[in-house]
Amino acid sequence: MSATTLTRPAAPAPSAPPPRARRTRVLALPEARWAAGSLAAFLAALALQLCGAPGWASGTLYALAYAAGGWEPALAGLRALRERTLDVDLLMVVAALGAAAIGEVLDGALLIVIFATSGALEALATARTADSVRGLLDLAPATATRLRAGAPGADAEETVPTAELAVGDTVLVRPGERIGADGRVLDGASDVDQATITGEPLPAAKRPGDQVYAGTLNGAGALRVRVERDPADTVIARIVALVQEASETKAPTQLFVEKIEQRYAAVLVAATLLLFGVPLALGAEPADALLRAMTFMIVASPCAVVLATMPPLLSAIANAGRHGVLVKSAVVMERLGQADAVALDKTGTLTEGTPRVTEVRPLDGTGADRLLVLAAAAEHPSEHPLARAVVAAARERGLAVPAATDFTATPGVGVRAVVEGTVVAVGAPGPYRDHPAVTALETAGRTAVLVLRDGEPAGVLGLADRPRAQAAGAVRALTALTGRPPVLLTGDNPRAAARLAAEVGLTEVRGGLLPHEKAAAVHELAAGGRRVLMVGDGLNDAPALAAAHTGVAMGRAGSDLALETADAVLVHDELAAVPAVVALSRRARRLVVQNLVIAGTAIALLVVWDLAGTLPLPLGVAGHEGSTVIVGLNGLRLLRERAWQRALGNEEG
């Protein structure tokens with residue numbers, strides 16, 4: 001097939017499954033390889049020691065265990081020391097070397113091995129989180145077929161890396177191929193499976209003028225697509241950037257732990273020196289005093305406390321990301337669970353965002369078709385769902401829509417444009433809200449859109465939208481989680497808002513709000529001591545999203561400003577995911593508390609045992625490092641699929 005012949009083959013191309021995310025193998029991580037080497041050397045040395053081999057043989061292997069497991073934390077600790085900060089890793093290495101200095105070589109090696117193993121587990125958890133992010137990037141193909149202008153009907157093809165595509169390039173997408181860039185269809189027709197981006201269960205029909213996304217799967221037809229976004233700014237790339245940014249941020253609890261860690265480490269060193277120096281000054285044996293001091297340093301080190309916070313939050317972020325909820329930071333994940341009041345937008349959030357024109361009522365003698373043509377022409381450049389519905393209604397009637405000039409849009413008010421020499425304004429009724437035609441439509445639960453021609457009412461359009469299938473269930477779940485029903489904030493007319501509220505189970509409705517009034521309503525809720533979670537999708541929701549304690553945007557239909565302003569994004573527009581991510585956040589917070597209790601209790605018990613009695617060094621090592629491993633593994637529980645399913649059932653425990 002030539003580059004310009006876009007035909008539909010007789011049989012559909014086989015559907016290729018989306019590529020699976022590559023899972024990092026344990027030994028692919030340097031931390032895991034060094035930990036494995038340290039463990040192997042330790043076990044070999046222990047075997048030789050038990051068999052009565054010469055001391056130099058087991059000693060050499062113990063030295064290898066120390067070096068393999070301890071060089072990396074020692075180097076990191078020395079670098080931190082150069083910056084005048086104390087690192088917990090360095091304290092562990094010093095304690096192990098101190099144990100070896102008094103003849104407890106085996107115990108020191110055991111400490112190094114367990115410490116290196118816990119570090120490898122933490123690295124593996126981080127790598128598995130990164131795997132889920134890279135899996136999104138794998139959806140986009142590595143190469144694309146770019147078309148270069150040639151002789152008529154014979155455009156030249158060249159295969160190029162998708163990273164080299166530029167805005168304005170034209171690419172050819174053959175049947176069964178994955179689309180290599182975000183863009184718009186120039187020629188051809190096909191069905192595109194874009195479930196990975198939008199969550200749509202069925203392939204979407206694509207015709208000239210329709211938008212397509214990188215990483216989605218083309219169906220049986222060939223498409224010629226003009227690239228409209230740089231490869232670094234595609235939907236998939238933005239998703240990856242958001243998740244990576246989230247992984248690099250630290251929650252307030254983690255920041256607090258790190259703040260006290262330095263002071264704690266300084267006190268720990270001072271206490272260790274006193275515990276060694278005071279008994280020594282009172283005549284104790286140097287070996288006994290050093291052993292007790294080293295044991296104290298090991299068991300009192302805050303390794304488990306430092307590891308208590310981030311694994312649960314990062315695991316929750318990764319799990320939510322796999323299910324279409326992009327939480328932008330660990331701070332946001334921690335704050336989502338604090339919400340005790342919810343505000344919801346109407347159009348595009350609680351409803352499908354695809355309203356239809358149900359009635360066309362001319363007011364000045366203009367024919368219904370002519371009125372619809374004027375409105376569609378003025379609305380054509382707009383991205384608002386109501387505007388798309390008006391344009392779609394004109395096309396369904398086979399009406400020719402002329403081009404408009406001097407287009408302007410005012411969020412929450414409407415649009416204005418010049419159509420065939422006439423100034424046409426389309427939007428909220430405003431001062432004409434009491435007009436009989438407007439009142440009749442709104443009483444019937446329709447959204448009334450007023451059309452002005454040269455400043456005079458030309459007609460009214462009635463539009464209706466359907467609530468999302470999950471809207472009522474999400475409202476019930478959010479009510480159960482926060483203890484009060486969500487509040488509906490909408491720029492739509494109060495009657496249409498009240499009708500929708502009754503359908504989905506809402507009791508408090510505020511309609512006819514401008515963008516700044518939505519933000520004021522959020523501030524009003526917050527002034528009552530509430531932590532408000534705002535869910536919206538449009539440009540007019542951005543101020544309210546920014547004003548809320550936490551903002552969540554609908555990713556599929558959301559405007560760019562709403563997506564940037566929000567703290568989290570619902571990629572698939574599934575409302576059930578809102579209460580689910582709140583429940584998941586609360587569970588992550590509970591795990592953080594559990595981890596801090598486990599870590600604190602283990603440190604307290606081991607320190608008291610060491611100070612009040614005689615704590616054997618091996619038991620101290622096992623207790624300290626064991627609690628660290630338990631805390632790390634406890635945090636990783638939220639990576640499991642079952643954790644999300646429990647969250648969908650709104651189980652917080």
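Guide: Let us begin with Arg174, whose relative accessible area in this predicted model is 24%.

Visitor: Why is Arg174 called partly exposed?

Guide: Buried would require a value under 20%, and exposed a value over 50%; Arg174, with 24%, falls in between and is therefore partly exposed.

Visitor: What makes the pairing of Glu157 with Arg174 a salt bridge?

Guide: The criterion is a side-chain nitrogen of Lys or Arg within 4 Å of a carboxyl oxygen of Asp or Glu, and the closest N and O atoms of Glu157 and Arg174 are 2.7 Å apart, so the pair qualifies. Glu157 is likewise partly exposed, because its relative accessibility is 34%.

Visitor: Why can this pair be said to tie together parts of the chain?

Guide: Glu157 belongs to strand 2 (residues 154-161), whereas Arg174 sits in the loop between strand 3 (170-173) and strand 4 (183-188), so the bridge ties together parts that are 17 residues apart in sequence.

Visitor: How do you know that Glu420 and Arg370 form a salt bridge?

Guide: Their closest N and O atoms are 3.0 Å apart, and the limit is 4 Å, so the pair meets the definition. This pair links distant parts of the chain, with Glu420 in the loop between strand 14 (414-419) and strand 15 (422-427) and Arg370 in helix 13 (residues 368-379), 50 residues apart. Arg370 has a relative accessible area of 35%, so this residue counts as partly exposed.

Visitor: How many salt bridges does a search of the whole structure find?

Guide: The search finds 19 salt bridges; a network of them links Arg146, Arg148, Glu158 and Asp169.

Visitor: Why is Ser585 counted as buried?

Guide: The cut-off for buried is under 20%, and Ser585, at 0% relative accessibility, therefore counts as buried. Ser585 lies in helix 21, and, residues up to four places away in sequence not being counted, it touches Met333, Glu334, Leu336 and Gly337.

Visitor: What makes a set of residues a nonpolar core, and which residues have the most contacts inside the largest one?

Guide: Such a set consists of buried residues of the nonpolar kinds listed for it, joined through side-chain atoms within 4.5 Å. The largest nonpolar core has 47 residues, and those with the most contacts inside it are Ala320, Val325, Val327, Met333, Leu350, Leu533 and Leu584. Helix 21 (residues 577-612) gives the most to this core, with nine residues.

Methods
Residues are numbered from 1 along each chain as its sequence is written. This is a predicted model: local features need pLDDT of at least 70, side-chain atom pairs count only at pLDDT 80 or more; totals for chains, interfaces and linings use all residues. Side-chain values use heavy atoms; hydrogens and water are left out. Buried means under 20% relative accessible area, exposed over 50%, partly exposed in between (1.4 Å probe, protein chains only). Helices (H or I, at least four residues) and strands (E, at least two) are DSSP runs, numbered from the N terminus. Contact means heavy atoms within 4.5 Å.
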